[in-house]
Amino acid sequence: MSGKASSDPSQVGLSGSGALSHVYIQHPPLRCNVPGTQGLYYDDGNKLLLAPSSDQVLSWKVSPSTQSDPPNSDFIGEGPVLSIRYSLDGKLIGIQRSNQEIQFINRESRETFSRRCRPDSESILGFFWTDCPSCDVLLIKTSGIDLLSYEPDLNTLRLVEAKRFSVSWYVYTHESRMVLLASGMQCTIFSGYQFSSGGIIRLPKFEMAMAKAEANHKPVLAAEDIHIVTVYGRVYCLQFDRVSMQLNVYRFYRDAVVQQGALPIYSSRIAVSVIDNVLLVHQVDAKVVIIYDVFLDCLSPISAPLPLLLRGSSVSGRQALQVEDNLTSAYGAMIYGDSWTFLVPDLICDIDNGLLWRICLDLEAIASSSSDVPSVLEFLQRRRSDPSKIKMLCLSIMRAIMLERRPISIITRAIDALVTSYAHLVKMENAFHGGDRSSKKSQNSGSQSANTSTIVSAESLDETMNRGKSIIKGAESETQQSTIRNLVNVNDNHAKKSTSKASLDSVSDSDGDANLDAMRSNSGESLDKYLSTDLLSSDAMQDVKKNTKHDYLKQSPIESEGLGCSSSRSDSCISNQQEPQITSVAISPDEMYHFVFQLVEEELGGDPAYLIADIVDSTKEKLRVHPNLYMMMIQMLARTNRYSELALFVTNKILEPSKEVALQLLEQGRQNFQIRKLGMDMLRQLSLHHDFVTVLLQDGYYLEALRYARKHKVITVRPSLFLEAAVAANNSQHLAAVLRMRS
């Protein structure tokens, strides 16, 4: 997918941002260039940027705010610093002084103690703190790993367990709690452990494949060629094969490590980042970024390679372009500089200049660069970084393609992406509420309540599809047949999709169903299946095990953890409209009506068949529909004198019966007796006896109204109305009949 982004920031729907870039870093960065410091270190367990000096360490908390507070300082004494990390509770500081010693300092008492290794047979490769119940510190040595527990009373570390095997180097990320230990002549044999709050998980030993180089030369895998990433809660390992110029993708399961493909590489130096579950592969030498969405294990890029840009504060128009030009001239030489270190998951540390940047996605530019609108909407519905902006972007895209009169097939797929997302949200909510009820009731009653859902059943879909097909036989004109065929195609497609979706639901977790949203939508046995097959990041496991489901359903707009990474392009597409209350990225039927159909109907004149087909498609999931949506359809059909089509829509229940629909039919039926009769019949079918009697009285049928009121025991209509209607008719016999019947 490729395209060009427009320079007009007001065209949010399909135009994007002013520069050709999907990924950017935003000015100003976090500045930590303090004179006298000796390098920068990142403590990913506590999200701290550390700068040690001669006898102390300065620490900055990596936070969303660009206005960073002054750094905190702690005494660490004199000596070299190879690495430094705070304990997860913040009480201790661990400092690797050499490859033989790690020093620990109690921040409160300033007492110190050290952990050393045997200098003749082993050396220390590194260490990290963990929230594992059985240990506090993991010490990585060339002879294996030591699991250590802190004893506060003795102010020392106790050896819990020692695992002995040869280790050449290791890679660890706190986000995944995963450590990979390399061994072998080519460093391609790996032992993997996950140390999380849920315990220790040991992966089976595995070997990474490497392409063969020249004869008598075997390439050796380096630590910088291995990247551990967490995407949609799943843990992956990316291995850069410099011979074949590929990035091999491995997915971790509890009992297996499976290679799931490879990504092409166009640079001898690469870096990897993850932003909002989007995988970014930086081609450092080429100075471009390629982005991937591995939601369904798809390894195709979602856009063309584009450069990483530097953007200023949130401004618009020519001022934004001028600011970007100034920043590019000032910092352009730093982009992908040799001093850049990429930190998990989305940070860049410029060690030479003492700067910390956060990488951001430009969702507007991504949306504008693809002509496959349905795929773009599906991609946006999977993002969680900025729900309010994502929702406004999706709504503006829907309005744009409708006003452009894109083919019905494209509109159908686009609406299906939004409806499916919202239906999934409703299904989750029903499942959670059903689970809550079942805990208070018996198992049988609980299961019945949990099965209650607003989603249409397969039988209902078949009935709707058959009704639509029967309409074609009765349609008289080509225009009518064209309009209704669109409806039938919608129902046909949805029925097929429902069947295929049901079959996919029975497949095991190996095909991408470890997405956190999908996991949260299951409970009980299904949840146990997810946790027993796919290896999840520690944060994802805690999310699933804790009852955070309602927090997800009621999430408020999420603030990105970036250093001022809000987009510099404002969404002005709904400036004169009241914005919907943002609770998630899913778009409700009410929002579709207010921010899409209502606005499109005002601008889209002429033949209403196109818009009606779009509206029908949006209601196919049988979710709660905004009442004004059906009334809009009635008004559009009546305004163009399409009464025969309107009658077919009513009799075949494409327009769902309701009081509002019935009253609208009565209003439009003033010019057509058949439509008015359909409205009366709908009131009677819905047992709205009071309204039925009132309409009969208004039409002058007071005797019929009186008979109906007596038959159905309607006592809410004032008797004086019957008498007034009889007197107005100036018929003494009818007046006497009314008096007798009311007595």
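This is a predicted model: local features need pLDDT of at least 70, side-chain atom pairs count only at pLDDT 80 or more; totals for chains, interfaces and linings use all residues.
How are helices α20 and α21 oriented relative to each other?

**View 1. Helices α20 and α21 cross in a left-handed manner.** Helix α20 comprises residues 702-711 and helix α21 comprises residues 719-729. Their axes come within 10 Å and cross at roughly 155°. Because angles over 145 degrees count as roughly antiparallel, α20 and α21 are therefore described as roughly antiparallel to each other. On the side of α20, the contact involves Tyr702, Ala705, Leu706 and Ala709. These residues meet Phe722, Ala725, Ala726 and Ala729 in α21. The residues of this contact divide into 8 nonpolar, no polar and no charged.

**View 2. Four strands form an open sheet in the order β11-β12-β13-β14.** The pairing in this sheet is antiparallel. The edge strands are β11, with residues 124-129, and β14, with residues 156-164; each of them pairs on one side only. On average, neighbouring strands of the sheet are turned by 20° against each other, with direction ignored. In general, the strands of a sheet pair through backbone hydrogen bonds, in either a parallel or an antiparallel sense. Strand β13, which covers residues 144-151, pairs with β14 in the antiparallel sense over 8 bridges. Within this pairing, Leu147 has Glu161 in β14 as its bridge partner.

**View 3. A cis peptide bond joins His27 and Pro28.** The omega angle of this bond is about 5°. Pro28 is found in the loop between β1, residues 23-26, and β2, residues 30-31.

**View 4. A cis peptide bond joins Val344 and Pro345.** Here omega is about -5°. The loop that holds Pro345 lies between β28, residues 340-343, and β29, residues 347-350.

**View 5. Asp276 is a residue other than glycine with a positive phi.** The phi value of Asp276 is near 50°. Asp276 has its place in the loop between β24, residues 270-275, and β25, residues 278-283.

View 6. Ser687 is placed in the loop between α18, residues 673-685, and α19, residues 689-698. At 45% relative accessibility, Ser687 counts as partly exposed.

**View 7. Gly312 and Gln26 are 286 residues apart along the chain.** Gly312 is found in the loop between β27, residues 308-311, and α1, residues 317-331. Gly312 is buried, with a relative accessible area of 5%.

View 8. Of its 743 residues, 52% count as buried. Among the contacts in the protein chain with a separation of 6 or more, residues 24 or more positions apart account for 56%.

Notes:
Residues are numbered from 1 along each chain as its sequence is written. Side-chain values use heavy atoms; hydrogens and water are left out. Helices (H or I, at least four residues) and strands (E, at least two) are DSSP runs, numbered from the N terminus. Buried means under 20% relative accessible area, exposed over 50%, partly exposed in between (1.4 Å probe, protein chains only). Two strands pair if DSSP finds at least two bridges between them. Axes are lines fitted to C-alpha atoms, for helices over the stretch in contact, and angles run from 0 to 180 degrees between N-to-C directions. Angles under 35 degrees count as roughly parallel, over 145 as roughly antiparallel, 65 to 115 as roughly perpendicular and the rest as oblique. A crossing is left-handed if the near helix is turned anticlockwise from the far one by less than a right angle, and right-handed if clockwise. Contact means heavy atoms within 4.5 Å. Ala, Val, Leu, Ile, Met, Phe, Trp, Tyr, Cys and Pro count as nonpolar, Asp, Glu, Lys and Arg as charged, and the others, Gly among them, as polar.
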